[in-house]
Amino acid sequence: MTRYLLLFISFILAVPGFSQQAAGRLKVACIGNSVTYGYLLEDREHKAYPAQLQQLLGAKYEVGNFGLSGATLLRKGHRPYTQTQQYKDALAYRPDIAIIHLGLNDTDPRNWPNYADEFAADYYHLIDTLRAINPQVRILISRLTPIFSGHPRFTSGTREWFWQIQALIPLIAESRKVELIDLHAPLYRRPDLFPDELHPTAEGAGIIAATVAGHLTGKYGGLQLSSVFSDHMVLQQKMPIPVQGIADAGQEVKVSFNGEEVRATAGSDGKWKAILPPQRAGGPFHLQVSTADTSISINDVLVGEVWLCSGQSNMAFPLRQAVHTAGEMRQAQQAPAIRLLQLKPLAETYDVAWDSETLQKVNRLEYFSGTWQRSDSAAAKDFSAVAYYFGKQLQEQLGVPVGLIEVAVGGSGTESWISRYTLEHHPQLVHMLHSWRSSDFLMPWVRERAGKNLEKATLTKQRHPYQPSYNYESGIAPLTAFPIKGVIWYQGESNAHNTELHETLFKTLVQDWRGQWGYDFPFYYAQLSSINRPSWPYFRDSQRRLLRQVENTGMAVTSDLGDPQDVHPRQKRQVGERLAAWALAKTYGKRVPYSGPLFEDVRLSGNQAVCTFEHGKGLHTSDGQELRGFEIAGSDLIFREAKAEIRGSKVWVRSDQVPVPKYVRYGWQPYTTANLVNKAGLPASTFSSFSIPSE
């Protein structure tokens with residue numbers, strides 16, 4: 001009897017047009033180009049994303065791969081999908097679910113410039129055809145997987161056309177009432193998974209499969225909170241507070257805090273966000289986040305002022321190594337109104353080769369980790385000294401809780417902290433992204449150190465925190481939805497080889513971060529100190545000029561705190577307090593002196609140059625000795641040591657060797673002992689009134 005039953009079932013299944021859904025399985029058709037097909041994968045039949053999707057979905061689904069390398073969505077494109085056998089097979093399959101990922105090849109110059117206007121209509125045709133063969137079909141159309149900057153046609157047109165197509169796809173989904181799935185975001189921060197800039201590895205295909213499986217099933221592992229939320233945290237006062245995370249699709253999430261209750265529903269991608277109304281400073285409070293079956297409690301939450309503290313090793317320099325007194329350390333260990341979130345690097349960028357496990361975690365962007373802590377003996381001693389002293393001043397002057405987020409990497413360049421999208425769309429900086437380990441854009445020392453760390457790497461596109469965009473993607477991006485009051489920044493040592501490039505990078509960084517957070521927060525930075533490195537006078541002067549070029553910024557002068565041989569001067573309290581003075585005066589409206597003398601102008605008076613300064617009230621020398629550090633030059637541009645005299649708020653400079661002075665400079669040595677300060681004792685920035693003209 002069993003034998004005849006099996007024969008009968010086999011006969012039924014062999015009948016053309018028999019629906020697998022009748023046998024209890026949903027048919028999933030993966031329609032697309034080479035990414036769907038699994039181009040370049042050694043074991044395509046098992047590693048392409050549709051095969052991995054089958055493994056994730058299990059026996060209730062049957063997944064078919066109908067991908068074709070080179071296929072275009074455009075029907076007048078160079079290889080229209082709708083004119084292929086794969087298209088015919090997909091229709092004959094009569095899918096219950098169709099996942100469409102087409103558009104990458106439409107960025108070809110043979111296609112998009114000629115037929116862009118037909119893209120939406122051609123997509124509608126494909127959608128309508130699938131519905132015609134099965135009116136109940138569930139259709140998902142995909143935001144495109146990335147094309148990275150090393151692609152040979154990237155800057156010649158593909159970049160612009162790619163993003164035009166990306167912008168159209170959500171509009172098409174809305175117009176035809178089909179589901180939209182984002183295959184771009186999960187992969188955009190993983191260029192290591194795209195060896196040829198276009199086609200993902202098996203791991204990349206697995207990420208696509210997991211994204212699709214989550215969308216189809218709505219299962220994302222239940223309620224989870226963004227990693228920045230933990231016990232002892234500080235929330236920014238007087239600003240709406242987004243609380244966000246992951247839950248299974250459709251789950252309602254309730255957020256309760258300080259008598260307020262807000263709700264949100266997880267979307268098809270599992271993401272949810274509930275926005276608490278602005279809060280007054282205070283606490284401790286309790287944050288409760290719950291669904292019908294799960295609850296998460298965050299305890300000891302304060303509301304106050306939150307600052308992001310970032311940069312390279314001088315920002316990371318720990319409090320225990322800075323010059324401090326025993327009393328200062330005791331205060332740091334007993335500061336309940338100061339909370340610290342130190343996002344520690346997985347591995348320091350010392351002169352060592354990283355092991356294979358570290359290399360893999362770096363690629364997965366698992367480089368930073370940490371949770372909020374009270375400022376006690378365990379947390380404070382290893383926290384950024386500059387950031388701690390900054391926060392201490394704010395807390396004492398404002399009388400509210402202060403939260404400090406440290407995310408800093410020794411030796412990192414500015415370019416590593418800028419988002420990929422911003423670099424990709426910059427006409428000059430886009431070229432930093434590709435082949436960064438051999439690029440003159442990066443300081444030779446930076447490339448050499450990265451090379452040492454990556455000595456054991458086997459992947460050609462192994463990632464590193466010195467890689468352009470890496471620190472943004474790993475450390476900053478997870479914070480951009482968390483409100484902050486502003487940023488303090490101590491970085492530049494690893495960009496001092498190219499002052500002009502850094503000017504572009506710095507402006508781009510500030511604009512980028514403000515754009516990511518969505519508001520123009522203050523950005524206060526430390527000017528480089530003194531050390532015997534030839535390019536530093538030029539770099540410091542560039543930082544001084546940037547102060548006037550980028551709005552809502554402030555600069556703490558540190559040239560008086562340097563060390564001729566050590567790039568890590570230990571006097572960090574002064575740096576933190578000088579940055580805090582800018583914040584107290586410019587952000588919080590406190591009447592405190594916040595800047596040393598800043599060169600404003602020079603005019604000639606006989607054989608002398610007369611310098612005027614902003615913040616020049618009460619000019620004097622820091623050590624009571626004669627004023628030193630000034631030089632002047634005539635039209636020959638040869639600077640000579642000069643005598644300088646303070647008269648009121650001006651400095652008069654002369655030299656017998658320069659009878660007709662034209663230019664003046666101050667502290668123009670890599671390591672300077674220049675000693676001009678104002679009434680508040682704040683040091684003058686080094687400067688030059690001459691800069692090499694550009695054509």
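How many helices and strands are there in the protein chain? The chain has 21 helices and 31 strands. Both are DSSP runs numbered from the N terminus: helices are H or I runs of at least four residues, strands are E runs of at least two. This is a predicted model, in which local features need pLDDT of at least 70, side-chain atom pairs count only at pLDDT 80 or more, and totals for chains, interfaces and linings use all residues. Residues are numbered from 1 along each chain as its sequence is written, and side-chain values use heavy atoms, with hydrogens and water left out.

Start with the whole chain. Its C-alpha trace spans about 110 × 60 × 45 Å along the principal axes. Of the 695 residues, 57% are buried. Buried means under 20% relative accessible area, exposed over 50%, and partly exposed in between, with a 1.4 Å probe and protein chains only. Take the contacts (heavy atoms within 4.5 Å) between residues at least 6 apart in sequence: 74% of them join residues at least 24 apart.

Now the aromatic rings. Rings of Phe, Tyr and Trp (its six-membered ring) pair if their centres lie within 6.5 Å; planes under 30 degrees apart are stacked, over 60 edge-to-face, and the rest tilted. The count comes to 39 aromatic pairs. In one of them, Trp517 and Phe521 have ring centres 5.7 Å apart and planes at 85°, so this pair is edge-to-face. Trp517 is buried, at 9% relative accessible area. Phe521 is buried too, at 1%.

The rule asks for NZ of Lys or CZ of Arg within 6 Å of the ring centre and within 35 degrees of the ring normal. Lys27 lies over the face of Tyr93, 4.9 Å from the ring centre. The charged end of Arg176 sits over the ring of Tyr124, 4.1 Å from its centre.

Last, the backbone. Most residues other than glycine have a negative phi, and most peptide bonds are trans. Gly283 and Pro284 are joined by a cis peptide bond, with omega about 10°. Pro284 lies in strand S12 (residues 282-290). Glu197 has a positive phi, near 75°. It is in the loop between helix H9 (185-188) and helix H10 (202-217), and counts as buried at 9% relative accessibility. Phi of His232 is also positive, near 75°. His232 lies in the loop between strand S6 (224-225) and strand S7 (234-236). At 18% relative accessibility, His232 counts as buried.
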